[in-house]
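This report goes through one protein structure by topic. Please keep the sequence and the 3D view open while reading.

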Amino acid sequence: MFGRSGMSRTGSFRPENLGQHALAMIGNLCFTMFVVGVLVFTIIAATYEPEDPLFHPSDKITNFLTSTSNATFKSDISVVRTGEDFMTPNQTVVAGFINITDVENLESTPETSSSDCDSDFATKQLDCRDPEVFHLMMKAAIEQFKDIHFYRFGKPVAGSNETSCDMAWRFRPKEGKTAAFYKDYRRFVISRSNNCTVSVVGIGDYHSGVNARKKKKQKPGFEKKSEKSDQGSMPLVVGEVVNDALVNISEGAFSHGKYLIYVGGGDRCKTVNHYLWSFLCALGEAQYLNRTLVMDLTLCLSSIYTNSNQDEEGKDFRFYFDFEHLREAASVLDQDQFWSDWNKWQKKDGLKLHLVEDFRVTPMKLAEVKDTLIMRKFGSVEPDNYWYRVCEGETESVVQRPWHLLWKSRRLLDIVSAIATRLNWDYDSVHIERGEKARNKELWPNLEQDTSPDALLTTLQDKLEDGRHVYIATNEPDISFFDPLKDKYTTHFLDEYKDLWDENSEWYSETTKLNNGIPVEFDGYMRVSVDTEVFLRGKKQIETFNDLTNDCKDGVNTCNTASS
């Protein structure tokens, strides 16, 4: 009517609407950019191939197996951290140690008076089960060993003659950092006078009371009960009788079981780090599939741990790790025992085998397999024949390696306990790295000088008190090199305790029996294992790198990467 155009009638470009139109355009543009970003990210995620860890040095693959602290043991020969290292002490149980007042409260009956005393009291057979004798022995132990806490006393038994009694106890060092408990059993010499008084005149050395070394799961003579204790946990008790002998299985139990076995591969004779990385992958898969892992108890020890500098076959898993605990906590079976039973009952009971020859066949694809045995067979081409390849890729987030199930050998830890006990659990420790690193001035320019006796005396004077017992863990073969330290400290080294693994020792006797009567060498890995564990039980622990030298653990300019 007034000649306005059709466009103007829409009102879309009216001045008052321009702001709203601009906001709408900006919103559409932002949404478009968001969609494009999501699309690009999706394409990258679908096509990205991460760097293969197998092309890293092996110590990078297994780095988290070793201590993340400033430990100075070389990563390729260091002791692998196992389940007991990650256990935290139960503070309720730890706090419930036995005080001498607890023992005194047990003495509710009055002392025997001289009028009731028999004339032959001092000469007749000593009754170690007498409560008075028991209480006296407990008090004597608590008073003598002031750097440990007692948690359980076993009932005394007769010793070697009419004046001795043997008694066992469970304890922890007062300043213990690990969750482990320890067991000791000692011989007490008891004196009796004509007026019917009884006294302890001597306590024997560590594990001298052999008659008190009883089996586990027997009722203790005296134990302080805590109101809230974790009865479901399995505490590590070093010093208990180890029962890791193989157990026979009935035909019915065997035929109704489901099994997983790994065969072949390139993991043989590799480092212990590598072996465990692969073994725990297999154990993790077996647990995921709810199957029994058939494991080879024979090991090949890498040349880096042997005196011959050659790989050595014929080692036993039980020399280094706690098979008894593993068998109780998981479902495992010895390989030789398994094949013997399989050959007897496989045809009779119609047992079937499912063969897998490609590590890329994931455990998830095997979950529905009903056959009695799943056999993973690995080839001869490294690195695709490493067992741990099974746990890579998508499997990594599904199958977890059960580190908590693997503990170090309690026989080796018993040697550690014996050494610490001889030092009354009251010592400091120093690890001194020398050897090849000290000779390599290009990567460690200051290490040799910083670990010389004069430099050590200067550095340690601000870290350790004069007169302290100091355990030195070192790869220096000539320990006389450290003689100047004796002017200020009482020094101790691993070889000072050779009697703990010589032919007269418990360790020698038990491992020889385990090895079908053939003596077992205390090899390089055992030495490093014991040396490390004794070091870690020191009240103060001084490391080479960071504490004694400013050189980096892995060479020049690697300090930041080593700590990451």
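## Basis and overall content

A salt bridge is a side-chain nitrogen of Lys or Arg within 4 Å of a carboxyl oxygen of Asp or Glu. The model is predicted, so local features need pLDDT of at least 70 and side-chain atom pairs count only at pLDDT 80 or more, while totals for chains, interfaces and linings use all residues. Residues are numbered from 1 along each chain as its sequence is written, and side-chain values use heavy atoms, with hydrogens and water left out.

The protein has 19 helices and 18 strands; helices (H or I, at least four residues) and strands (E, at least two) are DSSP runs, numbered from the N terminus. Of its 564 residues, 45% count as buried. Buried means under 20% relative accessible area, exposed over 50%, and partly exposed in between, with a 1.4 Å probe and protein chains only. Among contacts (heavy atoms within 4.5 Å) with a separation of 6 or more, 71% are between residues 24 or more positions apart.

## Salt bridges

The whole structure holds 37 salt bridges. One of them joins the side chains of Lys 270 and Glu 382, at 3.4 Å from N to O. Lys 270 is in the loop between β8 (259-264) and α9, and Glu 382 is in the loop between β14 (373-378) and α13 (410-422), so this pair ties together parts 112 residues apart in sequence. Lys 270 is partly exposed, with a relative accessible area of 24%. Glu 382 is also partly exposed, at 43%.

A salt bridge also links Glu 312 and Lys 315, with the closest N and O atoms 3.6 Å apart. Glu 312 and Lys 315 are both buried.

## The Arg 468 and Asp 428 pair

Arg 468 and Asp 428 form a salt bridge in which the closest N and O atoms are 2.9 Å apart. The pair links distant parts of the chain, 40 residues apart: Arg 468 is in the loop between α16 (453-460) and β16, and Asp 428 is in strand β15. Both residues are buried. Through shared partners, salt bridges join Asp 147, Glu 175, Asp 426, Asp 428, Arg 468 and Lys 539 into one network.

## The four-stranded sheet

Strand β15 belongs to an open sheet of four strands, ordered β17-β16-β15-β18 with parallel pairing. Two strands pair if DSSP finds at least two bridges between them. At the edges stand β17 (490-492) and β18, each with a single partner strand, so one side of each is left without a neighbour in the sheet. Three bridges connect β16 and β17 in the parallel sense, with Val 470 opposite Thr 491 in β17.

How many residues of β15 are buried? Five of the five residues of β15 (residues 428-432) are buried, so the strand is largely enclosed by the rest of the structure. Asp 428, Val 430 and Ile 432 point one way, while Ser 429 and His 431 point the other way. Five bridges join β15 to the parallel strand β16 (residues 469-474), where Ile 472 is the bridge partner of Val 430. Two bridges pair β15 with β18 (residues 541-542), also in the parallel sense; here Ser 429 stands opposite Gln 541.

## Helix α18

Helix α18 (residues 524-536) has 13 residues and reaches 18 Å from its first C-alpha to its last, close to the expected 18 Å. The expected span is 1.5 Å times one less than the number of residues. Eleven of the 13 residues are buried, so α18 is largely enclosed by the rest of the structure. The buried residues include Tyr 525, Met 526, Asp 531, Glu 533 and Phe 535.

At the start of α18, a side-chain oxygen of Asp 523 comes within 3.1 Å of the backbone nitrogen of Tyr 525.

Arg 291 is in the loop between α9 (272-288) and β9 (292-295).

The backbone oxygen of Asp 371, however, lies 2.8 Å from a polar side-chain atom of Arg 291. Leaving aside neighbours within four places in sequence, Arg 291 is in contact with residues including Lys 258, Tyr 259, Ser 331, Asp 371 and Ile 374.

Terms used: A polar contact is a pair of N or O atoms within 3.5 Å; within protein, one must be able to donate a hydrogen and the other to accept it, and residues adjacent in sequence count only if both atoms are side-chain atoms.
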